[in-house]
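Colleague: Let us go through this model together. I will ask, you answer.

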Amino acid sequence: APVTLRYDKEVMALNTLLVQTREGVQVALCDDIDTPKVLRLLRELSGSAQQAVVHLENTGNPTGGFPLLGNIARFIRSTLHDLGVSTADWEDPHGTGGGA
């Protein structure tokens, strides 16, 4: 029988936001490198990720969105690196991608 993965609605919404943020960042960078918009998008994604962590902890499934959260951390670090922000000295306790 096929295995069906079921993700929490919060995790699915966060995944959708990550896809939308990636697209928004690409558009902003192509729009004369609109750095303020990129930073705003990253801040919104980061805040939503933090809310998802709290939600998952409250539902007794703190690792339920862990792969997605790692993807978000890597995306944020990579984007900041692309903008010239050094993330090399940031702590990486969960192996989410290290400093870019």
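Modeller: A definition to begin. A crossing is left-handed if the near helix is turned anticlockwise from the far one by less than a right angle, and right-handed if clockwise. Helices are DSSP runs (H or I, at least four residues), numbered from the N terminus. The model is predicted: local features need pLDDT of at least 70, side-chain atom pairs count only at pLDDT 80 or more, and totals for chains, interfaces and linings use all residues. Residues are numbered from 1 along each chain as its sequence is written, and side-chain values use heavy atoms, with hydrogens and water left out.

Colleague: Which hand has the crossing of α1 and α3?

Modeller: The two axes come within 11 Å and cross at roughly 20°. Axes are lines fitted to C-alpha atoms, for helices over the stretch in contact, and angles run from 0 to 180 degrees between N-to-C directions. The crossing of α1 and α3 is left-handed.

Colleague: Is α2 roughly parallel or roughly antiparallel to α3?

Modeller: Their axes approach within 11 Å and cross at roughly 160°. Angles under 35 degrees count as roughly parallel, over 145 as roughly antiparallel, 65 to 115 as roughly perpendicular and the rest as oblique. So α2 is roughly antiparallel to α3.

Colleague: Which helices do the buried residues of α2 pack against?

Modeller: Buried means under 20% relative accessible area, exposed over 50%, partly exposed in between (1.4 Å probe, protein chains only). In α2 the buried residues are Val 38, Leu 41, Leu 42, Leu 45, Ala 49, Ala 52 and Leu 56. They pack against α1 (9–30) and α3 (66–82).

Colleague: How far apart are the end C-alpha atoms of helix α2?

Modeller: The expected span is 1.5 Å times one less than the number of residues. Helix α2 has 24 residues (35–58), so it should span 34 Å. The model agrees, with the ends at 35 Å.

Colleague: Is Asp 8 buried or partly exposed?

Modeller: Asp 8 sits in the segment before α1. Beyond four places in sequence, Asp 8 touches His 55 and Leu 56. Its relative accessibility is 27%, so Asp 8 counts as partly exposed.

Key:
Helix = DSSP H or I, 4+ residues; strand = E, 2+ residues; numbered from the N terminus. Contact = heavy atoms within 4.5 Å.
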